[in-house]
Amino acid sequence: MRRAFLKIVVAVTVPLVVSGCVASATTASVSDPAAGFSAVQARTTGAIGKQAVWAQTQAETRAMAERTRSLVYKKTIGPDTAVQVALLNNRGLQAAYAEVGISAADVWQETMPVNPTASVSYSSIGIGRIIETAITGNILALITQSRRVGVADARFRQAQLKAAEETLRVAADTRRAWINAVSAWETVSYLNRSQVAADAASDLAQKLGETGAFSKTGQAREHVFNAELTGETAKARLNARLAKEELTRLMGLWGQDVDYSVPNALPPLPKGPKTKSGIEAEALRNRVDLDVAKLELEATAKSYGLTNATRYVSDLQLMGGVEVEQEEEEGEKKDVVSGAAELEFTIPIFDTGKARMRKAELSYMRAANLVAEKAVNVRSETRSAYQAYRSNYDIARHYRNSVLPLRAKIEEESVLTYNGMITNTFELLADTRAKITSNILSLNAKREFYLAEVNLGTAIYGGGSGGGSGETEVASAAAEAGEE
């Protein structure tokens with residue numbers, strides 16, 4: 001007798017194909033290489049006034065490099081230009097945009113059915129042969145697919161917001177770096193002018209000392225002031241170079257592209273500060289990191305549902321189909337057809353899923369509390385940022401309108417009285433030193449105002465360097481259930 005045995009499993013393939021048809025509606029939106037980036041642009045363009053760009057090919061990268069050079073090479077750049085160059089050329093931003101693409105690919109992958117497992121075996125008994133072929137599919141993965149797609153979609157939207165937050169952060173850091181660089185060079189420029197007056201005062205003190213009209217103590221006082229001012233000027237010049245280098249680093253420049261300049265003075269103070277009504281509500285509507293935390297809560301909730309669905313059975317395999325057995329006896333062939341089915345699953349004897357459920361529930365509670373904490377912090381940060389903005393404006397205006405005019409008046413009167421032999425040399429030189437100090441304080445106050453203005457924007461829209469994203473981790477048990 002000669003026997004041939006063939007085992008074929010086809011039952012599981014049908015629902016898998018159907019699932020693929022259902023999921024294809026969302027596949028087109030996430031299979032695009034630039035999926036999700038338009039949301040990043042929409043979220044950031046209004047806040048920073050410039051458009052982010054994502055280069056995915058060498059041609060696009062070269063085009064961005066050429067545009068960058070046209071904006072900065074041998075030019076004096078303003079804050080808006082610096083921000084645009086950073087959006088074009090900062091490699092860290094490009095890496096953040098790639099994370100959006102990776103998350104889109106994760107959603108795309110989840111919309112696809114889990115690949116079935118095929119097996120083929122061969123054996124022979126005497127003159128008979130047995131060939132077994134089986135296709136096995138994961139039923140649990142099929143049942144939980146929509147929930148896994150929901151979790152991946154929440155992660156995808158979260159990645160978009162994180163990329164938007166990184167864009168806002170780079171833009172704000174670049175604007176701060178520009179302010180610091182310009183302010184530093186403005187300080188250097190003023191100290192250079194002051195150095196001329198200090199040199200003249202030192203020479204005058206020496207000549208008066210030679211005539212006996214100025215004591216050696218007075219001469220030494222002027223000489224040491226001149227020497228200290230020289231040291232402060234050198235230090236200010238170093239600070240200005242380092243500040244410009246930080247700006248260069250944020251803009252991602254190197255080689256010949258670093259041949260650019262910044263203005264030697266910050267813009268004058270505006271006529272008045274911005275008035276903000278309902279600033280807390282505005283921040284709650286626009287803060288990117290708060291939306292990231294909300295999406296983390298949503299993803300945790302979806303993962304909690306996934307954990308609940310797989311609480312008792314974490315692995316379920318179905319194998320089914322027909323068996324065709326062919327027999328040959330005394331020259332006569334005969335086919336015997338019979339059904340075959342096999343179900344494989346994990347028996348929850350020891351791990352009943354309670355631990356995974358506990359972790360999922362606590363993860364959700366943690367995410368909910370972190371969202372509430374983030375909302376409270378956003379309100380407080382916004383109030384603090386606006387108070388700093390208003391106070392720094394008032395301080396800078398005070399130096400501009402009150403302190404500097406008084407110092408100028410004192411110097412003018414000192415020169416007049418000195419020429420009239422009423423004021424002595426000691427008083428004139430002391431007034432000159434005091435005026436230098438007041439001007440430096442005024443320059444610092446103006447810089448602090450413009451930095452506070454940038455910080456106010458980050459408090460409303462997000463992207464602050466020191467702020468966290470408020471994200472939490474989804475329960476590992478839920479992730480494991482989704483993978484299984």
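This is a predicted model: local features need pLDDT of at least 70, side-chain atom pairs count only at pLDDT 80 or more; totals for chains, interfaces and linings use all residues.
**Entry 1: helix H4**

I began with H4 and noted that eight of its eleven residues are buried, so this helix is largely enclosed by the rest of the structure; here buried means under 20% relative accessible area, exposed over 50%, and partly exposed in between (1.4 Å probe, protein chains only). Helices are DSSP runs of H or I with at least four residues, numbered from the N terminus. Residues are numbered from 1 along each chain as its sequence is written, and side-chain values use heavy atoms, with hydrogens and water left out.

I listed the buried residues of H4 as Ala-82, Val-83, Gln-84, Val-85, Ala-86, Leu-87, Leu-88 and Asn-89. I then looked up Asp-80, which is also found in helix H4, and at 39% relative accessibility it counts as partly exposed. Asp-80 touches Lys-50 and Arg-175, not counting residues up to four places away in sequence, where contact means heavy atoms within 4.5 Å. The C-alpha atoms of Asp-80 and Arg-175 are separated by 7.8 Å, although the two residues are 95 apart along the chain.

**Entry 2: H3 against H4**

I next looked up how helix H3 (residues 58-72) packs with helix H4 (residues 79-89), and found an angle of about 160 degrees with the axes 10 Å apart. The axes are lines fitted to C-alpha atoms, for helices over the stretch in contact, and angles run from 0 to 180 degrees between N-to-C directions. H3 and H4 are therefore roughly antiparallel to each other, a label given to angles over 145 degrees.

In the contact, Met-64, Arg-67, Thr-68, Leu-71 and Val-72 of H3 meet Thr-81, Gln-84, Val-85, Leu-88 and Asn-89 of H4.

**Entry 3: the loop residue Lys-74**

I found Lys-74 in the loop between H3 and H4, and it is exposed, with a relative accessible area of 57%. I also noted that Lys-74 has a positive phi of about 55 degrees although it is not a glycine.

**Entry 4: Arg-287**

Last, I turned to Arg-287, which lies in the loop between helix H9 (279-286) and helix H10 (288-309). Arg-287 is buried, with a relative accessible area of 4%. Not counting residues up to four places away in sequence, Arg-287 touches several residues, including Arg-43, Glu-381 and Tyr-461.

Technical notes. Helices (H or I, at least four residues) and strands (E, at least two) are DSSP runs, numbered from the N terminus. Angles under 35 degrees count as roughly parallel, over 145 as roughly antiparallel, 65 to 115 as roughly perpendicular and the rest as oblique.
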